[in-house]
Amino acid sequence: MDGPNSDRAHDRHAFDRVAACKARIQHNTAELAERFRTGTPVADLIRERTAFIDHLLSEAWDRRIGRGATDVALVAVGGYGRGELLLHSDVDLLILLDEAAPSSRKQDLSDFLRLLWDIGLKPGHSVRSPAECAEAARTDQTIITNLLEGRLLVGSAALWEAVRSETAPERMWSSAAFFEAKMAEQRIRYSKYHNTAYNLEPNVKEGPGGLRDIQLIGWIIRRHSDARGLQDLVAHGWLTDAEYRELKEAQAFLWRIRFALHALTGRCEDRLLFDYQRELAGLFGYRGETSNEVVEGFMQDYFRTVTGVERLNELLLQLFNEAVLHRDDAFSPTPVNDHFQAVNDYLEAVHPAVFREHPLALLEVFLILQKNSALEGVRAATIRLIRQHIHLIDDAFRNDPEACRLFMDILRQPGGVTHQLRRMNRYGVLAAYLPEFGRVVGRMQYDLFHVYTVDEHTLFVVRNLRRFALEEFQQENPLCYELFQLIEKPELLYIAALMHDIAKGSDGDHSEVGERIAEEFCRRHRIGPRETLLVKWLVRHHLVMSMTAQRKDLSDPEVIHEFAQIVRNQNTLNHLYLLTVADIRATNPSLWNSWKGALLQELYTSTSWTLRRGLDTPPDYAEQISAAKDEARTLLQRFGLAEDAITAVWENIGDDYFLRFLPEEIAWHTTAIAACRPEHLPLVLLRPESLRGSVEVFIYERNRDFLFAQTTAVLDQLGLTVLDAKIIASRQGFALLSFNVLERSGTAPEGLFRLVQICDRLKEALSGGGAPPPAVSRLATRQIRHFTVPTKVFFHDDPQNRFSILELIATDRPGLLSKVGQAFMRTGIRLHNAKISTVGSRAEDIFFITDREDRPLDGEADRAALRRVLIEFVGDQ
């Protein structure tokens with residue numbers, strides 16, 4: 001007789017079954033993860049995981065639906081349908097329900113799906129009739145794609161066959177329509193990853209060159225023919241045996257990484273985050289002298305793998321386009337020269353032996369494309385021939401004067417330089433022709449600063465240089481456009497760009513090693529002695545302008561004079577400026593901002609003036625101070641400020657102030673101070689559009705303890721990046737503080753609310769007197785903990801002996817500058833100027849300091865004491 005006890009027994013039995021299923025899943029997951037660590041091939045593990053889930057779902061189906069049901073079917077779709085199920089992959093299901101099924105069947109299905117959720121499978125599912133499937137697939141290419149790789153698990157075969165029949169290519173989504181939809185989908189997907197596989201934290205599945213690119217090939221070919229796997233592509237003539245092996249090896253490598261991510265994280269994780277790169281590199285057996293070398297070796301293999309997948313993806317899709325979509329089109333070849341012809345606006349070798357018989361055609365093909373803008377690219381069969389004959393580019397080839405002439409002709413063309421260099425890199429020709437470049441292909445640098453691999457960065461530099469020549473991009477950097485018109489031989493800039501980082505990862509200073517490689521390149525390509533000296537100099541000194549602009553005091557005439565002595569002449573300065581801007585803009589999309597642009601332009605302008613003045617003429621500080629005062633006075637008189645008001649402000653400020661600020665800034669400060677009454681202090685003002693492309697925060701307040709520390713703590717808490725800080729102490733006990741700031745995005749703060757918020761928060765904090773600054777509660781980014789930088793403190797001499805120059809290298813953490821200010825306060829240090837530079841997670845800050853009597857720190861004991869306190873405040877935590 002049924003009753004409460006019977007119900008409880010039934011519930012307990014159901015619970016036990018759920019618990020047992022969960023335990024089976026956990027056991028299978030743990031077992032497969034362990035076998036992965038002991039070297040079992042991932043393909044075997046994926047098949048076993050798929051078979052295990054198949055069996056589990058069949059059991060659940062039998063329990064809730066019954067194997068004999070003819071009005072319903074369970075179909076695996078998506079990756080599960082392909083049989084590519086990893087440890088935590090989505091289990092995508094389609095439930096087919098006959099329209100004539102009894103209403104009770106829906107409850108059965110609801111119970112079945114609830115059971116799957118209870119045991120932890122979290123299925124992605126849809127319930128449709130065959131007609132509904134067909135209707136949904138007709139307008140949605142993602143649905144037809146899922147159905148394309150569907151696999152009947154259990155239930156009515158007739159229902160599944162009805163779906164296959166209704167969604168066949170002759171009824172909907174022909175090969176051509178499906179191909180075009182998939183091409184559009186891939187373009188959108190690529191754009192999400194900035195159209196490059198070279199991302200610091202790539203997505204193994206969705207990113208360019210990832211597993212999705214391989215799957216896309218399978219979908220398109222399967223929609224067109226009866227091919228089911230990559231092996232069938234060889235049988236159908238789409239892939240050669242060598243290409244098939246390359247694709248299978250790439251798939252196995254990417255599967256291995258994705259499987260490891262699932263095992264490591266315990267979830268469906270497809271992003272190769274910094275959190276896992278080091279551990280995966282060790283797991284896969286990579287070795288190196290440093291932990292960074294281990295990661296970089298692993299990631300270089302990853303990037304080279306996905307580049308190969310991208311190349312094969314492009315090749316196969318173009319072959320499909322030619323052989324299927326345009327199979328019936330009549331194209332008559334148009335001769336180009338003895339080696340090539342044009343077919344449907346694509347370049348094609350006239351016969352398969354062209355490269356074997358004429359190896360120089362391996363370079364000629366790119367020059368032809370440059371000279372014939374109507375050509376859209378290289379036909380797939382010819383791309384394949386290029387790849388098959390790359391081995392012909394040997395030392396004899398590289399030293400052949402005709403090969404050298406062809407390569408230089410490519411660099412000297414008025415257009416298409418970047419496009420063809422990228423194509424050469426994609427096909428492997430550039431690495432074969434420049435073996436040193438081949439060593440940096442796919443090479444990443446394990447930090448937050450260099451977003452791209454070395455080869456990708458290098459080609460971006462060339463692209464940026466090319467953009468400087470084009471009127472359509474003139475507004476991006478007008479000075480660069482103007483200067484590029486003065487460059488007599490742009491190819492020298494392109495060579496310097498190709499060589500500037502070519503020695504990254506080699507023993508020794510990459511600039512010095514790169515200079516030697518550049519010299520050999522110039523010798524081999526018969527570049528004249530004067531031009532060779534310029535290229536060598538640019539490669540050797542390609543960092544000097546950015547380092548000077550970002551790390552030295554550009555208001556110091558001695559700094560400008562020293563830099564001018566390095567550059568020596570205007571022509572070299574023009575070349576270096578263009579290369580520097582192109583280099584910085586190609587390092588990281590978020591690195592370039594108006595502040596860096598303004599600093600470089602200021603350094604360029606000041607250096608040009610110094611070169612015109614003559615290097616033998618020493619800097620004249622008195623002349624510069626007088627000129628700044630005269631210009632500022634003219635502006636102030638135009639504003640209507642009386643001479644006695646100007647004098648009252650200026651007589652309390654030392655001459656150093658007029659060296660460190662521009663006349664426009666001096667005029668703004670003077671007007672504000674003259675109008676400020678003591679009871680209105682602290683005075684906090686913002687200039688939204690400073691001359692240096694940032695927002696200037698100006699503070700006038702009584703000089704006291706913790707002033708710098710309090711201010712920087714507030715700015716940091718507000719999410720602002722301090723780029724530059726200047727502090728001037730007046731003779732009457734007041735302090736002028738000037739901060740140039742940007743948002744962390746690299747843009748200037750804007751909008752009335754934001755600007756008022758900054759002023760109000762600063763006034764509130766500074767009105768509290770000399771209390772220690774509050775701790776900054778803003779959290780560090782996730783990536784920072786993987787790139788901690790040992791804290792180091794260096795001291796440098798000031799040529800004029802006005803300051804001690806302190807260089808601090810540390811991890812860029814929230815509140816860093818505030819802690820520096822507190823350390824200065826404890827040790828009696830007076831801060832006069834600061835150049836703030838963040839390179840990824842690395843803070844490289846320069847401080848110009850004195851003791852309380854405005855004297856440099858000459859004694860080693862004083863420097864050692866300051867170093868200890870700084871490390872105590874800002875050291876690794």
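Predicted model: local features only at pLDDT ≥ 70, side-chain atom pairs only at ≥ 80, totals over all residues.
Let me begin with Glu 807, whose place is in strand 14, residues 804-811, where helices (H or I, at least four residues) and strands (E, at least two) are DSSP runs, numbered from the N terminus. Residues are numbered from 1 along each chain as its sequence is written, and side-chain values use heavy atoms, with hydrogens and water left out.

Is Glu 807 buried or exposed? With a relative accessible area of 9%, Glu 807 is buried, given that buried means under 20% relative accessible area, exposed over 50%, and partly exposed in between, with a 1.4 Å probe and protein chains only. The side chain of Glu 807 is joined to that of His 796 by a polar contact of 2.8 Å; a polar contact is a pair of N or O atoms within 3.5 Å, where within protein one must be able to donate a hydrogen and the other to accept it, and residues adjacent in sequence count only if both atoms are side-chain atoms. If we leave aside neighbours within four places in sequence, the residues in contact with Glu 807 include Arg 551, Lys 792, Phe 794 and Asp 845, contact meaning heavy atoms within 4.5 Å.

Let me now step back to the whole chain. There are 38 helices and 17 strands, and along its principal axes the C-alpha trace spans about 100 × 90 × 50 Å. Of the 877 residues in the chain, 57% are buried, and among contacts with a separation of 6 or more, 71% come from residues 24 or more positions apart. The division into domains, whose bounds come from an automatic or database domain assignment, gives domain 1 (18-173), domain 2 (176-325), domain 3 (434-613), domain 4 (620-675) and domain 5 (690-874).

Which three residues supply 72% of the area that domain 3 buries against domain 4? They are Ser 555, Pro 557 and Arg 613, which supply more than any other three residues.

Across this interface the rule finds 1 salt bridge, a salt bridge being a side-chain nitrogen of Lys or Arg within 4 Å of a carboxyl oxygen of Asp or Glu. The side chains of Arg 613 and Glu 623 meet in a salt bridge, at 3.2 Å from N to O. Between domain 3 and domain 4 the count of residue pairs in polar contact is 3, with both residues at pLDDT 80 or more.

Among the buried residues are Leu 816, Val 820, Gly 821 and Phe 824, and what covers the buried residues of helix 37 includes strand 14, helix 35 (707-717) and helix 38 (860-874). Just after helix 37, Gly 828 takes a positive phi of about 70°.

Finally, the structure holds 58 salt bridges. One of them is formed by Glu 515 with Arg 540, whose closest N and O atoms are 2.9 Å apart. This pair links distant parts of the chain, with Glu 515 in helix 25 (residues 510-524) and Arg 540 in helix 26 (residues 529-540), 25 residues apart. Glu 515 is buried at a relative accessible area of 17%, whereas Arg 540 is partly exposed at 35%. I will close with a network of salt bridges that links Asp 556, Asp 656, Arg 660, Asp 798 and Arg 802.

Technical notes. Buried area = accessible area lost by both parts, 1.4 Å probe.
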